[in-house]
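Let's take a walk through this structure together, one region at a time. Have the model open beside you as you read.

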Amino acid sequence: MDDVTAVVVGAGQAGLSAAYHLRRAGIVPGQDGVVLDHSPEPGGAWQFRWPTLTYGRVHGMHALPGMELRGADPLRPSSEVIGEYFAAYERAFDLRVRRPVDVRAVREAGDGRLLVETSAGVWRTRVVLNATGTWDHPFWPRFRGQKLFRGRQLHTAGYPGPAGFAGERVLVVGGGTSAVQHLMEIAEVAAETYWVTRRPPVFREGPFGAEEGRAAVALVDERVREGLPPRSVVSVTGLPMTEEMRRAREAGVLERLPLFERLTEDGAAWADGSFARVDTVLYATGFRPVLGHLAPLRLREPGGGIRTEGTRVVRDPRVHLVGYGPSASTIGANRAGRAAVRDVQALLAAEAEGRPSGASGRELASV
């Protein structure tokens, strides 16, 4: 068992930001802290994105703190560009990420510290900065007749790119950006496409500035503060209308249908008697936070979410969630990493002065 001051779980945008700010605060990875990542290579969830998602099509990628991403070819796959950038970032700041390491559980150590149990051993730590994101927890909706359907069912997490849908009849489920991107690509090669959403999609026209962004993040933050499961930022901002999307809508590709009533052996059936014969159902239905390893700490509220103040978990100030809820965007993850480390410094200072480690957020903020 290794004793450290801080454990960062996850080395995507939020985890690398947290590791960077820990190092600046004097908590050095490989000495006072450790960064654990279960992915095989640098790049966070980006390394698993489909090859046709080029860097030029990435929405809202923000540079990591202390090192800009310059000169990237917009036509290269985002998985390659961002994977190389993250790898260079880890080397530049000597973050010593350990991978692949699976974190199995975080539990009480019995002495005021936490035990982080992993596939590579156990770490005893004073704080955990959890940055596990959502990619490994795709949300699969359930429908009547789903097990009867004889075609293919995929999720965005396993989307191979449009070539695998050539000549097929494809039904895409979901109202977010990924669903729209999949539709526009697949429509170029498929025999037919259908788009279904639970609610009518909202397309956003015009500029989206800092004020609108803050208002959207505030709505997501409000749910988290109430102990409810977070919603994605795009769920409150709507879909940003691009020229490509406008052309697709004019061509009929983005004609939305209401959610079907059930799946059958060879298609989807609606309550009004209409039917669509399909070969593949592609669920672009989003992801949920990967937090199962924190279950032993019993952090969830009755509403099903984990209540936080900033990044700090209200039920346990030794645990921070970075890249969670309102900080799920790349710029939000950067800010969350910085804020979490400031809070960690306050917590450690409180402990050093003999104050309880469970001090309230207001007390810690005043340190």
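Helices (H or I, at least four residues) and strands (E, at least two) are DSSP runs, numbered from the N terminus. This is a predicted model, in which local features need pLDDT of at least 70 and side-chain atom pairs count only at pLDDT 80 or more, while totals for chains, interfaces and linings use all residues. Residues are numbered from 1 along each chain as its sequence is written, and side-chain values use heavy atoms, with hydrogens and water left out.

A pocket is an open set of points on a 1 Å grid over the protein atoms alone, where a 1.4 Å probe fits, with protein on both sides within 12 Å along at least five of seven lines; lining residues have an atom within 4 Å of a point. Here α3 (177–186) and α6 (243–250) each give two or more residues to the lining, and α3 gives the most, with 4 residues. Of the 12 lining residues, R57, T177, Q181, T242 and M245 lie nearest the centre.

Next, the interior. In soluble globular proteins, nonpolar side chains tend to be buried together. A nonpolar core is a set of buried Ala, Val, Leu, Ile, Met, Phe, Trp, Tyr and Cys residues joined through side-chain atoms within 4.5 Å; buried means under 20% relative accessible area, exposed over 50%, partly exposed in between (1.4 Å probe, protein chains only). The largest such core has 35 residues, and L16, M61, F86 and L129 touch the most other members. β1 (2–9), α1 (13–24), α2 (78–92), β6 (121–130) and α7 (330–352) each supply at least two of its residues, with α7 giving the most, 7 residues. Another core, of 23 residues, lies apart from it and includes L154, V170, A179 and W195.

Now find strand β16 (residues 280–283). In a regular strand the side chains alternate between the two faces of the sheet. Both faces of β16 are covered, with T280 and L282 buried on one side and V281 and Y283 buried on the other. Two strands pair if DSSP finds at least two bridges between them. β7 (residues 152–155) runs parallel to β16, joined by 4 bridges, and L154 stands opposite L282. β8 (residues 169–173) also pairs with β16 in the parallel sense over 4 bridges, where V173 has Y283 as its bridge partner.
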